[in-house]
Every structure is written in C-alpha cells, then in structure tokens.
Amino acid sequence: VFLLGVLILLYREDWRVGALLTIFALAALLYLMRGGGFVGVRSRAARAAAADLSGYLEEQLGGLPDLKTSGADAYAMRRLHERLAARFHRVNASAMASSVFNAIVGLLFVLGAGAALGLSTVLYGAGAITLGTIYLVFRYTGMLRQPIERLSREMNSFQQATGGIVRVRELLAIESQIADGASTNIPPGALSVELDGVSFAYEAETVLHGISCRVEPGEVLGLLGRTGSGKTTISRLLFRLYDPTEGAVRLGGVDVRDTRLDALREGVGLVTQDVQLFQGTLRDNVALFNRNVADARLDAVFAELGLDGWLRALPAGLDTPLGAGGRGLSAGEAQLVALARVLLKDPGLVILDEASSRLDPHTERLLERAVTRLLEGRTGVVIAHRLATVERADRILILEGGRIAEFGWRADLAGDPQSRFAQLLRAGIQEELV
Ligand SMILES: Nc1ncnc2c1ncn2[C@@H]1O[C@H](COP(=O)(O)OP(=O)(O)OP(=O)(O)O)[C@@H](O)[C@H]1O
Ligand SMILES: [Mg+2]
C-alpha cells in the first residue's frame, strides 16, 4: 500500500518518471516472487548436511568404546572433518545465495533510482519540470526503497522456511517398503513356521540362498551357524522386517505378506541380539510406554518368568530408571527385560537371538529359566550360542554362508557321529559358534 502511494505521488509529479519507477518496482517485485528458488534449494541442502552431521555424531558417540579400542579414532575424525566441511560449504552456499538475492534487489533499486534521476535531469534540461520536482522525485525514490527491502528480507526468510518444509516433506514421503497385507489372520496359539525356498539380499550380495524348512507348532528350532551365516537375517524375515527376495515365509500356514503388520507383530515376539533399552523406567521399557498396563500385570509377568527375585533386587523395582543404550544393565539383563516385553504380548512364536557375549553365571541361570518358561506352549526359534540353549531345541538347523548345511531332529543328529551337529558338540558349541 505504501509502495502504491509513493508511486501515485510520483505520477502526480511527472508521469514519465512515475512510469519508469513503476517498471523498476514491478521488476523488483517479480524478482522477489520468482527469483528466490535458488535460495530455497541451497537452504534445503544445508539442512540435509546438518542432519547428516548430527546422525554421524550420534552414531560415533554411541560407538565410542568400540572406536577407541579398535584404534579407529583417526579414521572417525577424518570422516567427521569431511562432514563438518560439507556442512560448512552448504551453509556457506546457502548464506551466499541469500546475500546475492538481497544484493540483486538492492542493485535493481539503485539502477531504478539512477534512471529516475537521469530522466529527471533530461526533463529539467528540457524545461518540463522544476528543480523542486527533481528533489521530490529523489525523496520519493528513497521512500520506495524501504518497502521493497522489507519485502526482500521477508522473502528471504520465507524461502529458507520453505527449504525446511520441503525437507520435512521429503522425510515424510519415505515410505516403508513393507506393505500391509490383506487381512488374513494368523491363527492364535502356537504357530507353525515354514520357510519355502527363501533367498534374501540386503543389497547386491545374496545372504540367504534357497532356505526351506518347517517347524510344527510348539516345537523349538535351534538355529546354529558361524558369525555372518545369516541367523539374525532369518529372524528378521520371520518378524517381517524385510521381505524375502525369493520364496515365502509362512506362519501358521499364512504367508506373512498376507497378514496385517500389527497382527503379525502381536503374534510374534522377537528378542534381538543386543536389546535396545529406552530412556525411561523399567516399567516403560517392558510396557513400551503403554500407561494402560497395570503394575500387577507386570509383576505377574516377571513372576511367571521366575524373575520376581531379580525385580525385587533392583533399587526401585519397576521405577528403576534405565538409560538409553541400556546403561546400568548387562547385555544379559537387557535380554531379561526383552523377554518380559515378549511375554506381555503373549505371542504364538518366540524368536530369541541369543547375545553372543558371555554372561555371568547368575544372569545366565535367570535367562535360562525365563526362556524355558516363555517357550512353554509356544513355538520357538532360538539362535543359540550356548550349549544349554541348544539342548532345549527339538530340531536343529545349521547355516553355513546363507545355506542349510544340516537340518534335522536334534536327538538324531546328536546320535550320528558323522553329523555336523555331533562334530560341533565335540568341538564345543561355545568355542565354535561365538
Ligand atoms: N542390515 C544389513 N545390511 C546389509 N548387510 C547386512 C545387514 N545385516 C547383516 N548383513 C550381512 O548379512 C550377512 C548375514 O548376517 P547376519 O547378521 O544374519 O549373521 P548372523 O548369523 O546373525 O551373525 P552373528 O552370529 O554374528 O550374529 C552378513 O554377511 C552381514 O554382513
Ligand atoms: Mg546375528
């Protein structure tokens, strides 16, 4: 409005000067509307670089002990410098872009003012206007500057904010590749497990090759194999964290791709190799922040797992704070918490990826008892690193480089001196598989 008023005043002084400045004002406005795109692009890139940096920092700080012990400090520092440099360049480019943007608006204005003065001088020479009019034109041009600069500043922040919004949209648009299936229900109770010609690759390299096996409801399958043989990968396919690239995974006779994800995750309990604990109390970590779970229910869960004594020994019972990354709990104890989590949802299939680290005998006994109780009346897939865990399995599957090396009844395999399983037992499971 202010801009319009000033222009009208200029027209009243002299229409030629007015028209000239109108053209410049319009050009500046047009530029403000359209020319800001490159500010937005750079501001988006700067945000992405900042996100990359903080992601890297979090990862490295989390793995600090490993970094230190492996002497990889120098490497980590170099990568940190690379990221810092990348961020610096992007933020720099973003700042440059907005300065250039402002500068161009300023330049347009100076050109406009110059042209107006030039025109006025010519008109004065021709006797069309007075010196007073020139002075007025000069003043008015000065007044034009203010609203245009304010607009320019706001456009700049607007562009930067749009950069942020576009980035958030990009993040929100990342969709899981695991799509909900039709609503075929997996049956209640203990589930049968069937892998039917399952192959899988995380990236280019195939890590599972045509795995086929079947476990009946209520049985326990012991999954053995050296590190990197694909044991954890099988557990992820059963929980449908990934879909196989070939073949099918069936639980209770139903292809997991045909069931709803939430139903599947209710029916399958997964205890991972290194359990993640959340910042919160023990209660929060077992009930997963669901406030509707009564303490009595949790007490019952711990009692059923034979962990009531362990719970009582904690300084504040269910209110004991647990840190992110499980500070304060050993790997074994973190698995106890995860077992309680699983029992709470009462699934028909329990997958246990045993921690490969050695546990103190006390925790080990607690874990053993809890696992026995958890597997009662359920189907189990246990990735075993300990002899005691292996011994509770009905069937044994030995993986080698993503292929089945051996599959059969544990008792049969143990009784056949030629079997890999028997060889493993002789060599000592603990030594061979950790
Ligand atoms: N998230 C992932 N992305 C890419 N490759 C992966 C991923 N997880 C595992 N792999 C690769 O897949 C192969 C099988 O790994 P997996 O974790 O299933 O082995 P594992 O038998 O559980 O080993 P461990 O006994 O050490 O736990 C390995 O070569 C591993 O490097
Ligand atoms: Mg593993």
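This note walks through the two ligand sites of a predicted model.

1. Ground rules. In this predicted model, local features need pLDDT of at least 70, side-chain atom pairs count only at pLDDT 80 or more, and totals for chains, interfaces and linings use all residues. Residues are numbered from 1 along each chain as its sequence is written, ligands are numbered from 1 in the order in which they are written, and side-chain values use heavy atoms, without hydrogens and water.

2. The shell of ligand 1. It holds 14 residues, each with a heavy atom within 4 Å of the ligand. Among the closest are Lys 231 and Thr 233. By class, three are nonpolar, eight polar (Gly is counted here) and three charged. Helix 7, residues 231-238, gives the most, with four residues. Helices here are DSSP runs (H or I, at least four residues).

3. Polar contacts of ligand 1. These are pairs of N or O atoms within 3.5 Å. A polar side-chain atom of Lys 231 sits 2.7 Å from a ligand oxygen. The side chain of Arg 236 has an N or O atom 3.3 Å from a ligand nitrogen.

4. The magnesium ion, ligand 2. Thr 232 (OG1) and Gln 273 (OE1) coordinate it, at 1.8 to 2.5 Å. Donors are N, O and S atoms within 2.8 Å of the metal (3.2 Å for Na, K and Ca); water is not among the atoms, so the site may look incomplete.

5. Where the pair sits. Thr 232 is in helix 7, and Gln 273 is in the loop between strand 6 (268-271) and strand 7 (280-281), 41 residues apart. Strands are DSSP runs of E, at least two residues.

Technical notes
Polar contact = N/O pair within 3.5 Å; in protein donor to acceptor, adjacent residues only side chain to side chain.
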